[in-house]
Amino acid sequence: MQHSKVKAFPENFLWGASTSAYQVEGANLEDGKGPSCQDVKEVPEGTSDLSVCADHYHRYKEDIALMAEMGFKAYRFSISWSRILPKGTGEINPKGIEFYNNLIDECLKYGIEPIVTMFHFDMPAALDQRGSWSTRESVDWFVDFAKILFENFGDRVKYWLTINEQNMLTLVGSVIGTTTLPKGCENPLKEIYQQNHHMLVAQAKAMALCHEMLPKAKIGPAPNISVVYPESCKPEDTIAAQNANALRNWLYLDAYVYGIYNNIVWSWLEENDAVPDFAPGDEEILKNAHPDFIGFNYYNTASCKEGDDIEQGGAISQQENLGIKGFFKGVRNPYLKTTEFGWEIDPVGFRGTIREIYSRYHLPMLVTENGLGAYDKLTEDGKIHDPYRIEYLKQHIEQIQLAISDGCDMMGYCPWSAIDLISTHEGMVKRYGFIYVDRDEFDLKTMARYKKDSFYWYQRVIQTNGDDLSTQIE
Ligand code: BGP
């Protein structure tokens, strides 16, 4: 549908960008921080470890000043659980509290709204050893951690996100380096969906606690949502796409918003002997969560068809699922171009995804990630020309505006990432930031910050509240 007149972005639209603690901070074992699962995992060959990252821990002042120069209204970052609680439970690390106090205050100094993710792929290693999300205790661990965050930062933080990409943790945890299965686990599928259930319960309790402790704050989830297309109009392909959508998207949002398990996924779990065990009271806890908004990450859509001939090997990245025998088979979309890293690019699918989420859940939406990973080059005169990123972001912002014109309630846009950082499994060379960090995969070089062309472009976008998306850079 075309609009004869598009609606403007809301006045208080939260323009900003995102990072996560384990990918940006560095200082991974400094000032009392305990290791997280990311610090003890084996990193993929040829990629940097996570000990220095962008050194945001030491350079946050310079980084926030650059975000302020871009005009950010919001900065989405995550809090490292094991920086606050080195062992995951028990004693609090005062230096951890101090760091996030400073970070939050630095944002507020410039009028930048901190949007805090409570958990972004970095389970404290000590808790991994105690069973991670497999044990029921994980619910209490997370809620206790949430309470500490609300007590210490709730006076200043108005926007909270519970778990980043719980769906990717469940579907492709091994790609991200987070899957922990108990030794000798006989039914991995059931175990994974038991972990998922614990996360659902934990985040629901954290939301209720947030509403109780911080009645003025807003809290929501942050899954990775994108609609899945059927390859053709063959009816069986549509059923396959519905299966894939249910498994990838609606299982999570149905549980977050309505407190129920999606029926398609539930039946599939039943047939595969993988239904999670409920503790007494879980149903009520899930129903009592009431998120205030839906945060979601969007990179691209997926496509599928019916088919049993699934290639072996499972998922190869967050954005590519090969399929599940008898349920759906993932296929490439021939209408879409891809990034240098093989991810399809689908701005129109962004609008479609927003419309779909809104028509199912009717809650305000915050885009918590979206962006393009590329091999950026620093020129001899200190420039980074990244027209491909500008083009990607422009096309996606245009689609948000169309979705707003469709009547969808959009709160803000926080693309990935504010600054270059380490990718989940493809190292430092896969850059997403508006701010370039002068380091290589293994050579830390100067660590100096440089403004990419997209920095100046986004600055103008924010200045004009999304009115001027033109791509020329002086
Ligand atoms: C999302 C994660 C981020 C992030 C981003 C880009 O799945 O929430 O942590 O890194 O994807 O992915 P990648 O780093 O694999 O390119």
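This is a predicted model: local features need pLDDT of at least 70, side-chain atom pairs count only at pLDDT 80 or more; totals for chains, interfaces and linings use all residues.
Mentor: Local features here need pLDDT of at least 70, side-chain atom pairs count only at pLDDT 80 or more, and totals for chains, interfaces and linings use all residues. Residues are numbered from 1 along each chain as its sequence is written, and side-chain values use heavy atoms, with hydrogens and water left out.

Trainee: How do you know that strand S1 and strand S2 pair?
Mentor: Pairing requires that DSSP finds at least two bridges between two strands. S1 (residues 14-18) and S2 (residues 74-78) have three bridges, in the parallel sense. Strands are DSSP runs (E, at least two residues), and helices are runs of H or I with at least four, numbered from the N terminus. In S2, Tyr75 is the bridge partner of Ala17.

Trainee: What makes the sheet open, and in what order do the strands stand?
Mentor: Eight strands form the open sheet, ordered S5-S4-S3-S2-S1-S12-S11-S7, with parallel pairing. Strands S5 (218-222) and S7 (294-297) each have a single partner strand, so one side of each lacks a neighbour in the sheet.

Trainee: Why is the span of helix H5 called close to the expected one?
Mentor: The expected span is 1.5 Å times one less than the number of residues. H5 (residues 94-109) has 16 residues and reaches 22 Å from first C-alpha to last, close to the 22 Å expected.

Trainee: Which residues of H5 are buried?
Mentor: Buried means under 20% relative accessible area, exposed over 50%, and partly exposed in between (1.4 Å probe, protein chains only). The buried residues of H5 include Ile97, Phe99 and Leu103.
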